[in-house]
Amino acid sequence: MLLQTRAPVASRVATRSERVAVPAPVLRASTVAVAPAVGATCTTQSLVACKRSSWRPSVVAQAATVEASRQYEAPGKGLSQVNVVYKFGGSSVRDAERMREVADIICSFPQYLPCVVLSAMGKTTNLLLECGDLALRTATDKIGDLSPLKIIRQLHLATCDELAIEPAVRAEVDHLINELQQLLIGISIMQDLTPRAKDSLVSFGERLSTRIFASYLRTKGVPARQHDAWDLGLTTTDDFTNADVIYEASLPAIAAALAPKPGQQAELPIVTGFLGRGQHTGAVTTLGRGGSDLTATVLGAALELPEVQVWKDVDGVLTSDPRIVPTTRPVTELTFEEATELAYFGAQVLHPQAMQPAIRSGKMNVRVKNSYNREAAGTIISAHRDLDCSLVTSIVLKSNVTLVDIISSRMMGQYGFLSTVFDAFRRHKISVDVVATSEVSVSLTLDPKKICGAPEDELHQLQSELSKIAGVSYRKGLAILSLICNVEKTSEILMRAFSVFQREDIKVLMMSQGASKTNISLVVDGARGVEAVKALHREFFDGPSVCSKTANGNGHSNN
Ligand SMILES: Nc1ncnc2c1ncn2[C@@H]1O[C@H](COP(=O)(O)OP(=O)(O)O)[C@@H](O)[C@H]1O
Ligand SMILES: N[C@@H](CC(=O)OP(=O)(O)O)C(=O)O
């Protein structure tokens with residue numbers, strides 16, 4: 001296999017080899033603890049591993065001493081202006097140990113003065129949504145007993161204690177959790193959970209994690225300041241739960257808010273991911289699930305930076321979802337277009353809108369890194385890459401899609417058929433994923449999760465409206481397989497893909513190559529989706545795959 005090894009485009013950002021060579025954080029005080037139970041020596045880097053082994057109380061006490069004396073050299077010494085954005089997702093900051101590790105990563109790169117975007121700790125966002133649902137059917141005086149609320153309280157307060165954060169911030173965290181409880185009481189009284197209230201509810205996750213982490217950094221000698229993204233000017237539409245960023249308002253406001261303050265020591269901004277403020281309502285909005293990636297790239301574009309790094313729990317963007325295919329491997333390089341298609345068609349690893357600020361900026365790359373394996377090169381996403389050796393880059397599965405077939409022989413030779421069809425979808429605010437058309441028929445897929453209101457009702461209404469010009473039928477529970485690939489090589493890709501389908505007896509219900517130069521989508525029965533991804537991955541990634549571009553021009557790498 002021949003992998004592309006083009007150097008990252010960003011000139012002001014260290015290359016991978018420079019990064020790997022950067023020493024571990026500079027610790028000013030004693031950093032070594034001995035774990036007698038296992039006879040091992042623990043540096044701060046291995047504290048996590050050592051803590052998992054069974055330490056005796058004396059060792060735990062030693063660890064506490066190490067914690068108390070642990071001090072970092074603040075990164076970006078001598079710099080006044082932020083020069084990179086790091087985003088750490090929920091899995092990267094899921095508990096106190098992970099917050100230490102993230103602090104460690106940040107301080108491992110002294111050449112950067114980062115702006116840090118954090119998601120909520122672990123599964124906090126899911127827990128908050130669960131609290132909201134439960135509050136609707138829980139008596140007001142029982143709200144304090146809700147089990148997800150107890151888990152949230154316990155996780156955040158235990159993290160404050162374990163990290164020994166500043167008392168004033170611990171009090172603020174306590175206060176925020178009480179405020180959360182008040183909001184849940186309000187939901188219980190009103191028996192109503194509007195999208196607007198839902199956004200206020202989930203905002204507590206990022207508001208808590210950033211306050212705790214900024215305080216932890218300060219206690220370790222790193223000047224850090226917590227910011228709620230709305231205070232920096234991150235402005236959005238008022239589409240609660242899935243708001244769009246208003247770039248014209250947001251970018252200049254963020255740039256001004258994070259500009260160096262003359263005569264003041266530079267501070268690391270620690271910013272809430274996922275959250276914004278609605279332009280007309282002024283209320284808290286969210287950017288859709290996984291929206292912290294987008295916050296990070298918006299900040300990067302506002303600050304005109306060459307690179308944004310999104311730190312996850314995988315070695316980069318992978319050849320498929322690792323929960324489906326255990327033999328995935330990281331993709332070295334992607335274009336913004338490929339990353340967008342991949343995210344749009346269901347790869348959880350990136351937010352579908354996250355590449356937009358990078359595309360607008362024209363000079364920013366996005367790097368996906370693993371906070372659990374910082375040595376891994378990760379994936380660099382940029383405007384262009386050499387696709388000559390590329391066949392299939394990644395395989396994505398989107399489940400539970402609906403296929404709509406609209407057929408009208410009456411429209412043969414008439415114009416306006418497609419516009420009538422799509423106008424009906426527009427009026428019902430139903431967005432369409434994959435489309436295939438002929439003279440008198442249109443087949444398209446849609447995601448019921450994205451339909452506002454009850455999907456059944458909306459589809460039924462659409463069906464009766466369109467029945468004036470066409471016969472409409474739909475099938476639910478299907479799956480879209482998207483091959484993120486070099487569409488220039490369609491013949492080979494389709495030949496191999498269809499030989500897999502034939503071998504496995506998987507029927508393809510619809511196919512679209514479309515205008516995208518990076519994606520072929522195939523619709524199959526939902527029950528066969530996982531199987532199909534596994535078989536395609538075996539075909540395109542598990543066999544011999546050598547790009548012999550220079551030898552005979554026939555071979556390929558897998559990304
Ligand atoms: N093609 C893919 N490449 C990498 N990860 C993927 C892919 N498809 C799905 N995933 C899943 O996405 C997860 C990372 O995304 P996410 O949980 O949103 O990260 P974070 O919360 O750290 O920002 C991985 O743990 C992995 O299970
Ligand atoms: N906490 C939000 C936003 C986010 O981006 O989270 P993560 O980075 O963990 O995917 C969510 O769960 O959707």
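This is a predicted model: local features need pLDDT of at least 70, side-chain atom pairs count only at pLDDT 80 or more; totals for chains, interfaces and linings use all residues.
Visitor: Why is K398 said to lie over the face of Y344?
Guide: K398 sits 5.0 Å from the ring centre of Y344, and a charge counts as over a ring because NZ of Lys or CZ of Arg is within 6 Å of the centre and within 35 degrees of the ring normal. Residues are numbered from 1 along each chain as its sequence is written, chains are lettered from A and ligands numbered from 1 in the order written, and side-chain values use heavy atoms, leaving out hydrogens and water.

Visitor: How many aromatic pairs are there by this rule?
Guide: The count is 9, with Phe, Tyr and Trp rings (six-membered ring for Trp) pairing if their centres lie within 6.5 Å.

Visitor: What makes the pair of F109 and W311 tilted?
Guide: Their planes are 45 degrees apart, with 6.4 Å centre to centre; under 30 degrees would be stacked and over 60 edge-to-face, so the rest are tilted. F109 lies in the loop between α4 (96–107) and β4 (114–118), and W311 in strand β10 (residues 307–312), so this pair ties together parts 202 residues apart in sequence. Both residues also belong to one aromatic cluster, along with Y86, F88 and Y112.

Visitor: And why is the pair of F498 and F501 called edge-to-face?
Guide: There the planes stand 85 degrees apart, with the centres at 5.5 Å, so the angle passes the edge-to-face limit. The two share helix α16 (residues 490–504), where they are 3 residues apart, about one turn of the helix.

Visitor: Is F501 buried or exposed?
Guide: F501 is buried, at 2% relative accessible area, whereas F498 is partly exposed at 33%. Buried means under 20%, exposed over 50%, and partly exposed in between (1.4 Å probe, protein chains only).

Visitor: How do you know that E206 makes a polar contact with ligand 2?
Guide: An N or O atom in the E206 side chain is 2.7 Å from a nitrogen atom of ligand 2, and a polar contact is a pair of N or O atoms within 3.5 Å, so E206 qualifies. R289 qualifies too, with a polar side-chain atom 2.7 Å from an oxygen atom of the ligand, and S292 does at 3.0 Å from an oxygen atom.

Definitions and conventions:
A polar contact is a pair of N or O atoms within 3.5 Å; within protein, one must be able to donate a hydrogen and the other to accept it, and residues adjacent in sequence count only if both atoms are side-chain atoms. Helices (H or I, at least four residues) and strands (E, at least two) are DSSP runs, numbered from the N terminus.
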